[in-house]
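Me: I have a structure open and would like to go through it piece by piece. Can we start with the overall picture and then look at some residues?

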Amino acid sequence: MTGLTSESEPTSQQPDTIIINNEGARAAATEAEAGFEITEAEIAALQNGICEAAGDDVNHGESSLYYDASTMAPLNPFSAAAIARFRKYTPPAFPLWDLLPVRKRAAVLILLYADRRGDLRVVITMRAASLRSFSGHAAFPGGKADTTEETPFQIARREAWEEIGLPLDDRKLPKPFRIEHLCYLPPSLARTHLVVRPCVAFLHADQQSPGAPAPAVEEVMIPKLDAREVAAVFSAPFYNFLKVKDLTPAAGESLPEEGHWYDGEWMAWKNHPWRIHNFYVPVNNQAVSKPRRDDVAQGNLAQALDEEEKLEGRYRVWGMTARVLVDAARIAYAEEPEMEHNADFGDASIIIEADREGNLGDTTNEKRENGDASKM
């Protein structure tokens, strides 16, 4: 889902809520969160040590896969501190959620996992061409509530099962995988006036005993995409969503020859300034999962994605998905982004305005969307 469309008109002047962090310095992990402070050099040394210890077993030319535990390493201290911050984080109270009709509630899953170097990556999908709302847009797994009794995390997990086949029941997750729900983020508002609760979770791949063989790729964890809703699944380096340029690629990896990581602009939404972030995620170093081409419309989008990957090696992540990623990274790394951004987290003020306009009731003048318009 994306909260804003590319056709929206940007404001002519930059708003007062612009924040610029020209330093972009990586915040050191605090003693309470990581047990000690760690420098950039120590992080680099740790990452190199992990790669050297793995030796020939590491495929240095391809990014880690969230469904393959053999491509994951333990969290490095920098990433462990980020996960610890999420565990401690409590969003501001949002009592309006309990008053919303079921068709105005939605949730998405921000699924994080550790790559070969212990850095965090985030799972992202590309919406199917057959969907009426936000077709072809980058999105988190997620969608609308089925009942008012569902919690946001239950909504997000159910949708992740339906869209990418991530087991809904934790007991069906094969060893060494387990999913930990870390926190909720402040709510966001989709362009279709759905109130969306982002749910942050971490996919653990618990280490086996020393000397044990690497776990095989479990079939149950391999993405099973619903072609009616999802065109592709890929991942992105989580920390990079605080930066205006690509992070330095790991040993054996490279950046696409063309394209850049970031650009953005301001627009006004319900008289509030809102930053449109455009991230262009490299996919040339990773396996992008796609559904079978069962229909013409889906096949055309899959072909278009293939061509984009071949020519540019990047997928565009923008709109509300990008905004949520920036906010999530700010919380996780206790660091402000290098790019201009909204000072607040989420869209609470815009949601209040939408409620005043009568857009969040059970009966509104807006057109009902086909499918899950909450996709990001």
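**Cavity, helix packing and loops**

Reply: A place to begin is the second largest cavity, which holds about 30 Å³ of space. This is a predicted model.

Me: How many cavities of 30 Å³ or more are there in the whole structure?
Reply: A search of the whole structure finds two of them.

Me: Back up a bit. How many helices and strands does the chain have?
Reply: Seven helices and eleven strands. The chain has 376 residues, and 55% of them count as buried.

Me: What share of the contacts join residues at least 24 apart?
Reply: 76%, taken among contacts between residues at least 6 apart in sequence.

Me: Ok, Ala328. Where is it?
Reply: Ala328 sits in helix α6, which covers residues 319–333.

Me: Buried or exposed?
Reply: Ala328 counts as buried, because its relative accessibility is 0% and the cut-off for buried is under 20%.

Me: What is Ala328 in contact with, leaving aside its neighbours within four places in sequence?
Reply: Phe86, Ile110, Leu185 and Phe238. Leu185 is 143 residues from Ala328 along the chain, and their C-alpha atoms are separated by 7.4 Å. Leu185 is also one of the residues lining the second largest cavity.

Me: Phe86 is on that list. Which helix does Phe86 belong to in the contact with α6?
Reply: Let me take the helix pair as a whole. The axes of α3 (residues 77–88) and α6 come within 7 Å and cross at roughly 105°. The two helices are therefore roughly perpendicular. Phe86 belongs to α3, which also brings Phe78, Ala81, Ala82 and Arg85 to the contact. From α6 come Ala328, Ile331, Ala332 and Tyr333.

Me: How do the residues of that contact divide?
Reply: Eight are nonpolar, none is polar and one is charged. Arg counts as charged, and Arg85 is in the contact.

Me: Where is His193, and is it buried or exposed?
Reply: His193 is in the loop between β6 (188–189) and β7 (195–205). His193 counts as buried, because its relative accessibility is 13%.

Me: And what about the phi of Lys270?
Reply: Lys270, not a glycine either, has a positive phi of about 50°. Its place is the loop between β9 (262–269) and β10 (272–282). At 16% relative accessibility, Lys270 counts as buried.

Me: Last one, His341. Where does it sit?
Reply: His341 is in the loop between α6 and α7 (348–356). With a relative accessibility of 1%, His341 counts as buried.

Key. Residues are numbered from 1 along each chain as its sequence is written. This is a predicted model: local features need pLDDT of at least 70, side-chain atom pairs count only at pLDDT 80 or more; totals for chains, interfaces and linings use all residues. Side-chain values use heavy atoms; hydrogens and water are left out. Helices (H or I, at least four residues) and strands (E, at least two) are DSSP runs, numbered from the N terminus. Buried means under 20% relative accessible area, exposed over 50%, partly exposed in between (1.4 Å probe, protein chains only). Contact means heavy atoms within 4.5 Å. On a 1 Å grid over the protein atoms alone, a cavity is a set of points where a 1.4 Å probe fits but cannot get out, and a pocket is an open set with protein on both sides within 12 Å along at least five of seven lines; lining residues have an atom within 4 Å of a point. Grid points are joined across faces, edges and corners, and a volume is the space filled by probe spheres set on the points. Axes are lines fitted to C-alpha atoms, for helices over the stretch in contact, and angles run from 0 to 180 degrees between N-to-C directions. Angles under 35 degrees count as roughly parallel, over 145 as roughly antiparallel, 65 to 115 as roughly perpendicular and the rest as oblique.
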